Amino acid sequence: MDAKTQKAELTRAAIVGAALDLAAAEGLESITLQAVADRVGLSKSGVFSRAGSREALQKAVIEEFGRRFLVDVFVPAMQQPKGLPRLQEILRRWIARTRDVEAFTGCIYTAGAFELDDREGELRDLLHAEITRWRAALRRTVIQSIEAGHLAADTSPDQLVGEIYGLIMGLLHDVRFLRDPQAVARTEASWARIVKSYLPSPA
């Protein structure tokens, strides 16, 4: 990569990062080329030449949030053995990220889902696809835990994934809106009880 191309890529990354910060604070619909240009010190046309239209920038924000989320939560957990150890690591990292990141910036997946739930279009479709892909990865991890004998054979993967999602959404509400310092401890205790309820019965 030559120096000019590298600079352009760095500038685009800064644009997407600024747009992500804006969306986290004010919602995906708050993203405009001018608002982002003001944040990064470029002209509106300069933002357009590097990131494309407003819609393209909104899509880039959703994709970048997903990339950062996977880097923080899913990818490191893959170092753990398949099954419950991996699922436990995913939850540990997800809870930590919610406490350390989303508590202060908001969550594009959660806020965006409420923002776009009644709006049809490509942006909603992309967010839906990103969230569905993450839930599918989580579901596969649950299935691997069942296959490894770590969870009971009659465990419903969809039920457990739904419970996990409810747990994290409740945590986000409590740490971000209520600013409750005990929220993480309660979530960890709830997760421990959920896991215990899915363990195989003693022989």
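# Why these labels?

Analyst: Let's start with Glu 120, which lies in the loop between helix H6 (108-116) and helix H7 (122-147). Helices here are DSSP runs of H or I with at least four residues, strands are E runs of at least two, and both are numbered from the N terminus. The model is predicted, so local features need pLDDT of at least 70 and side-chain atom pairs count only at pLDDT 80 or more, while totals for chains, interfaces and linings use all residues. Residues are numbered from 1 along each chain as its sequence is written, and side-chain values use heavy atoms, leaving out hydrogens and water.

User: Why does Glu 120 count as exposed?

Analyst: Its relative accessibility is 69%. Exposed means over 50% relative accessible area, buried means under 20%, and partly exposed lies in between (1.4 Å probe, protein chains only). Glu 120 is therefore exposed.

User: What makes a patch of negative charge on the surface here?

Analyst: Glu 120 gathers there with Asp 117, Asp 118 and Asp 125. Asp and Glu count as negative, Lys and Arg as positive, and His and the chain ends are not counted. Patch residues have over 30% relative accessible area and no salt bridge, with like charges joined within 9 Å.

User: Why does Gly 149 count as partly exposed?

Analyst: At 44% relative accessibility, Gly 149 falls in the partly exposed class. Gly 149 sits in the loop between H7 and helix H8 (157-178). Its C-alpha atom is 9.1 Å from that of Leu 84, although the two residues are 65 apart along the chain.

User: Which residues of helix H2 (residues 33-40) are buried, and how do you know that they share a side?

Analyst: The buried ones are Leu 33, Val 36 and Ala 37. They cover an arc of only 105° around the axis, so they are on the same side of H2. That arc is taken from the directions running from the helix axis to the C-beta atoms. Just past H2, Gly 41 has a positive phi of about 75°.

User: What about helix H3 (residues 44-51): which residues are buried?

Analyst: Gly 46, Val 47 and Ala 51 are the buried residues of H3. Their arc around the axis is only 105°, which means they too lie on one side of H3. Ser 45 and Ser 49 are exposed on the other side.

User: What makes Glu 64 and Arg 67 a salt bridge?

Analyst: The closest N and O atoms of Glu 64 and Arg 67 are 2.8 Å apart. A salt bridge asks for a side-chain nitrogen of Lys or Arg within 4 Å of a carboxyl oxygen of Asp or Glu, so the pair qualifies. Both residues lie in helix H4 (residues 54-77), three residues apart, about one turn of the helix. Glu 64 is buried at 16% relative accessible area, whereas Arg 67 is partly exposed at 45%.

User: Why is Arg 97 called buried?

Analyst: Arg 97 has 8% relative accessibility, so it counts as buried. The side chain of Arg 97 forms a salt bridge with Asp 72 (2.5 Å, N to O). This pair links distant parts of the chain, with Arg 97 in helix H5 (residues 84-105) and Asp 72 in helix H4, 25 residues apart. Asp 72 is partly exposed, at 32%.

User: How many salt bridges does the structure hold?

Analyst: There are 14. One network of salt bridges links Glu 29, Arg 54 and Arg 119.

Notes
Patch = residues over 30% accessible without salt bridge, like charges linked within 9 Å, V, L, I, M, F, W, Y side chains within 5 Å. Areas by Shrake-Rupley, 256 points an atom, 1.4 Å probe, with all protein chains shown as cover. Charge placed at Lys NZ, Arg CZ, Asp CG, Glu CD.
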